[in-house]
Amino acid sequence: MPTPDFTLIHVVYTLVPDAFAGGVSKMVYELACAQQAQGLDVTVWTVGPCARTIVSGGVTIRSFVGTKHLGVVASADLNAALAARARAHGPRLVVHAHNTFHPLNRHVRHALRGTRAGLFFSTHGALDPILMRGISTKTLKKRAYIALVERPVLNAATGVFALTTNERDQLGALALRAPVHIVPNGIARTNPPERADRPCDGMSLGFIGRINPKKGLHHLLEALYILRQTHTNVTLTIAGDRAQF
């Protein structure tokens, strides 16, 4: 298979291998590792307390010094480096940003303005209407931010990635002009642990994450019910925090 003639940069608000801050940073890391294994020229750019470059899983992760304002971290160094890279590489540079409700998305768009670099955004379900329900200071701020910042940023993209058809429809409701493509998250195969707290002679399902209806736990419960029609020894373990039902 010929190697694609372009450079791919993922931009994410934070990424420390084996100490992920949320599912987005973990997904970006695993995606970059998979793309690297396929022969792509891929790096991850992020923001941290110091400037450093490390290699993990075969992927180069470049961290830029950030500044914190009103609880949000941004990086002028990252912006300048990205703009310089875009001018040098032109259409051979593709940038994939993962920072909904974070100024990094806006800064990435600004850095690439006037260049021929490709710009893609993944919203990772953060624009789900369920998160904007009700009337509160938080929901009103989110609605205003989407209208004034997030929608114009997404409209400037070469394309926007949705995880599911449902998310594609949600993005469509925002009247985006940028094309929306469905690209589901991959599934990483892992080896089972050598030891377990209890013997397992049946099928075991597991969920780790925020316990919230948005995460689709009801679908997992439906799957458990279906499986138990033919497999009596099926267990489901749920682990997480911030339970909201």
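Student: Which residues of helix 2 are buried?
Tutor: Leu78, Asn79, Ala81, Leu82, Ala83 and Ala86 are the buried ones. Buried means under 20% relative accessible area, exposed means over 50%, and partly exposed lies in between (1.4 Å probe, protein chains only). Helices (H or I, at least four residues) and strands (E, at least two) are DSSP runs, numbered from the N terminus.

Student: Where do these numbers come from?
Tutor: This is a predicted model, in which local features need pLDDT of at least 70, side-chain atom pairs count only at pLDDT 80 or more, and totals for chains, interfaces and linings use all residues. Residues are numbered from 1 along each chain as its sequence is written, and side-chain values use heavy atoms, with hydrogens and water left out.

Student: How many helices and strands does the protein chain have?
Tutor: It has six helices and 12 strands. The C-alpha trace spans about 60 × 45 × 35 Å along its principal axes. Of the 245 residues, 39% count as buried.

Student: What makes the length of helix 2 agree with expectation?
Tutor: The expected span is 1.5 Å times one less than the number of residues. Helix 2 has 14 residues (76–89), so it should span 20 Å. Its end C-alpha atoms are 20 Å apart, which agrees. Gly90 follows helix 2, and its phi is positive, near 55°.

Student: What covers the buried residues of helix 2?
Tutor: The cover includes strand 1 (7–11), strand 2 (41–48), strand 4 (59–65), strand 7 (93–97) and helix 3 (103–112).

Student: Which residues touch the most other members of the largest nonpolar core?
Tutor: Val11, Trp45, Leu82, Val95 and Leu112 do, in a core of 33 residues. Helix 2 gives the most to this core, with five residues. A nonpolar core is a set of buried Ala, Val, Leu, Ile, Met, Phe, Trp, Tyr and Cys residues joined through side-chain atoms within 4.5 Å.

Student: What does Trp45 contact beyond its neighbours within four places in sequence?
Tutor: Contact means heavy atoms within 4.5 Å. By that rule Trp45 is in contact with residues including Ile9, Val11, Arg62, Phe64 and Leu82. Arg62 also lies over the face of Trp45, at 5.1 Å from the ring centre. A charge sits over a ring if NZ of Lys or CZ of Arg is within 6 Å of the ring centre and within 35 degrees of the ring normal.

Student: How many aromatic pairs are there?
Tutor: The count comes to four. Rings of Phe, Tyr and Trp (its six-membered ring) pair if their centres lie within 6.5 Å. Planes under 30 degrees apart count as stacked, over 60 as edge-to-face and the rest as tilted.

Student: Why is the pair of Trp45 and Phe64 called tilted?
Tutor: The ring centres are 5.0 Å apart and the planes are at 55°, so the pair is tilted. Trp45 is in strand 2 and Phe64 in strand 4, 19 residues apart. Both residues are buried.

Student: What makes Phe101 and Tyr145 a tilted pair?
Tutor: Their ring centres lie 5.8 Å apart and their planes are at 45°, so this pair is tilted. Phe101 lies in the loop between strand 7 and helix 3 and Tyr145 in helix 4, so the pair ties together parts 44 residues apart in sequence. The charged end of Lys142 sits over the ring of Phe101, 5.4 Å from its centre.

Student: Why is Phe101 called partly exposed?
Tutor: Its relative accessible area is 25%, so Phe101 is partly exposed. Tyr145 also has 25%, so it counts as partly exposed.

Student: How do you know whether His10 is buried or exposed?
Tutor: Its relative accessibility is 0%, so His10 counts as buried. His10 lies in strand 1. Its side chain joins that of Gln35 in a polar contact of 2.7 Å. A polar contact is a pair of N or O atoms within 3.5 Å; within protein, one must be able to donate a hydrogen and the other to accept it, and residues adjacent in sequence count only if both atoms are side-chain atoms.

Student: Is Thr139 buried or exposed?
Tutor: Its relative accessible area is 7%, so Thr139 is buried. Thr139 lies in helix 4. Its side chain reaches the backbone nitrogen of Ser136 at 3.0 Å.
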